[in-house]
Amino acid sequence: MGDGILSRFSKTWLKKLESFKYPALVLLIGLVLVLVPGRKTAEPEQPDIQTKTPEPASDEALAYLAQTEQRLASILSRINGAGQVDVMLTLRSGKAHQYQSDYRTETDHHETGDATQTEQKTVILSRGSAYDEPAVVKTEYPSFQGALIVSQGADNAQVRYALTCAVAALLDLGTDQITVVKMK
């Protein structure tokens, strides 16, 4: 008697499960794929150089800024109608270096799977026994954020336009980053 009830019960449930066999199969395959550890097939590309290392506004950057302001004021004062000119510049960033790097990659093929370690070292140039320095690939000089031009002739629209165009061309600034005002 117990076998008949169990047999009917199992047949009823098997019929109900029969309608869900495809969704259950997809769910089972998804679980297997999630639980099986994957292998890395491609290593990420390694650049030849380190990222830029910006330096704070150093004495060198401030000297560069002052020299640029003086040279710019000198050249702008030669524009017809400009008269005496004072210039103030603001820096967006200081001097930045990109350094040459060497990379060493090791792959460990133990029973736990593939483990990859990458070691990055900056290339050092030795010049004598007491002088070492990193190999510089590229140096970017300070970039400017804005300019203020104070000119005796700034009440004339043509002079303001000429000053704005000259500063934009020399410093790679947009005209919205340059202000020209009349000197008192």
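In which helix is threonine 164 found? The answer is helix α4, and we will come back to this residue once we have looked around the rest of the chain.

A word before we set off: this is a predicted model. The protein chain has an average pLDDT of 76, and 61% of the residues score at least 70. Among its elements, strand β10 has the highest mean pLDDT, at 95, while strand β1, covering residues 53-54, has the lowest, at 46. Over residues 46-55 the pLDDT stays under 50, although the model has 32 contacts beyond four places in sequence for this stretch. Where pLDDT is low, the predicted coordinates should not be read in detail.

Now for the overall layout. The protein chain holds four helices and ten strands. If you follow it along the sequence, the pattern reads α-α-β-α-β-β-β-β-β-β-β-β-α-β. Of the contacts between residues at least 6 apart in sequence, 68% join residues at least 24 apart. The chain has 184 residues, and 21% of them count as buried. Its accessible surface comes to about 14100 Å², with 57% of that belonging to carbon and sulfur atoms.

Let us step inside. In soluble globular proteins, nonpolar side chains tend to be buried together. Here, the largest nonpolar core has 22 residues, and those with the most contacts inside it are Leu76, Val87, Leu89, Ile149, Val167 and Ile178. At least two residues of this core come from each of α3 (59-76), β2 (85-93), β9 (143-151), α4 (157-171) and β10 (178-182).

Threonine 164 counts as buried because its relative accessible area is 14%, below the 20% cut-off. Beyond residues up to four places away in sequence, threonine 164 touches Thr175, Ile178 and Val180.

Finally, let us visit the outside. Tyrosine 22 sits in helix α2, which spans residues 21-35. Is tyrosine 22 buried or exposed? Its relative accessibility is 59%, so tyrosine 22 counts as exposed. Together with Leu25, Leu28, Ile29, Val32, Leu33 and Val36, Tyr22 forms a nonpolar patch on the surface. The accessible area of these residues together is about 730 Å².

Methods:
Residues are numbered from 1 along each chain as its sequence is written. This is a predicted model: local features need pLDDT of at least 70, side-chain atom pairs count only at pLDDT 80 or more; totals for chains, interfaces and linings use all residues. Side-chain values use heavy atoms; hydrogens and water are left out. Patches are made of residues with over 30% relative accessible area and no salt bridge: like charges are joined within 9 Å, nonpolar side chains (Val, Leu, Ile, Met, Phe, Trp, Tyr) within 5 Å. Accessible areas come from the Shrake-Rupley method with a 1.4 Å probe; for residues, only the protein chains shown count as cover. A salt bridge is a side-chain nitrogen of Lys or Arg within 4 Å of a carboxyl oxygen of Asp or Glu. Buried means under 20% relative accessible area, exposed over 50%, partly exposed in between (1.4 Å probe, protein chains only). A nonpolar core is a set of buried Ala, Val, Leu, Ile, Met, Phe, Trp, Tyr and Cys residues joined through side-chain atoms within 4.5 Å. pLDDT is the predictor's confidence in each residue, from 0 to 100. Contact means heavy atoms within 4.5 Å.
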